[in-house]
Amino acid sequence: MTRRDVFEYALLRVVPRVERGECFNAGVIVYCRAHSFVAARTHLDEAKLRALDPDADVVGVRAALRAVEGVCGGGEGAGQAAGDDPGRRFRWLIAPRSTVVQPGAVHSGLTTDPAGEAERLLDLLVR
């Protein structure tokens with residue numbers, strides 16, 4: 001039997017106008033401690049963004065989503081979190097914030113392939 005490990009994930013939501021609270025999913029962050037793995041996969045649906053806010057800053061939202069991917073990747077792309085382990089980077093990214101790109105609740109599951117899980121969840125919950 002193949003070993004399955006616990007993983008956690010949170011959706012990334014775009015909230016174009018925070019005061020209205022309307023949102024849609026634009027990515028997923030996956031963390032698996034057993035594999036020292038953290039990654040974000042994103043997909044911005046510009047039509048949804050413009051439907052909620054015709055004046056939305058598409059470039060800014062894309063930059064925020066890329067920043068999350070950078071923090072997950074570690075190294076220079078992680079900025080101040082560059083020296084943090086994957087778990088700390090995940091916890092920092094899922095902290096609640098009142099910005100245009102926000103993390104959702106954390107969920108968990110079992111997986112044999114955390115990277116594959118990130119792609120599966122992106123397809124299932126975002127695209």
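This is a predicted model: local features need pLDDT of at least 70, side-chain atom pairs count only at pLDDT 80 or more; totals for chains, interfaces and linings use all residues.

Reader: Okay. Is A67 buried, exposed or partly exposed?

Author: A67 has a relative accessible area of 41%. Buried means under 20% and exposed means over 50%, so A67 counts as partly exposed.

Reader: And how far is A67 from L49?

Author: Their C-alpha atoms are separated by 18 Å. Along the chain, A67 and L49 are 18 residues apart.

Reader: New topic. What lines the largest pocket?

Author: Its lining includes A67, along with L12, A64, V68, V71, W92, L93, R97, V101 and P103. The space in that pocket is about 160 Å³.

Reader: Which element gives the most to that lining?

Author: α2 does, with 4 residues. The elements giving two or more residues are α2 (58–73), α3 (86–93) and β4 (101–111).

Reader: What classes of residue are in the lining?

Author: There are 9 nonpolar residues and 1 charged residue, with no polar ones.

Reader: Back to the helices. How do the axes of α2 and α3 cross?

Author: They cross at roughly 155° and come within 9 Å. Angles over 145 degrees count as roughly antiparallel, so α2 is roughly antiparallel to α3.

Reader: Which residues make the contact?

Author: From α2, V68, V71, C72 and G73. From α3, R89, W92 and L93. By class, that contact has 5 nonpolar, 1 polar and 1 charged residues.

Key
Residues are numbered from 1 along each chain as its sequence is written. Side-chain values use heavy atoms; hydrogens and water are left out. On a 1 Å grid over the protein atoms alone, a cavity is a set of points where a 1.4 Å probe fits but cannot get out, and a pocket is an open set with protein on both sides within 12 Å along at least five of seven lines; lining residues have an atom within 4 Å of a point. Grid points are joined across faces, edges and corners, and a volume is the space filled by probe spheres set on the points. Ala, Val, Leu, Ile, Met, Phe, Trp, Tyr, Cys and Pro count as nonpolar, Asp, Glu, Lys and Arg as charged, and the others, Gly among them, as polar. Axes are lines fitted to C-alpha atoms, for helices over the stretch in contact, and angles run from 0 to 180 degrees between N-to-C directions. Angles under 35 degrees count as roughly parallel, over 145 as roughly antiparallel, 65 to 115 as roughly perpendicular and the rest as oblique. Contact means heavy atoms within 4.5 Å. Buried means under 20% relative accessible area, exposed over 50%, partly exposed in between (1.4 Å probe, protein chains only).
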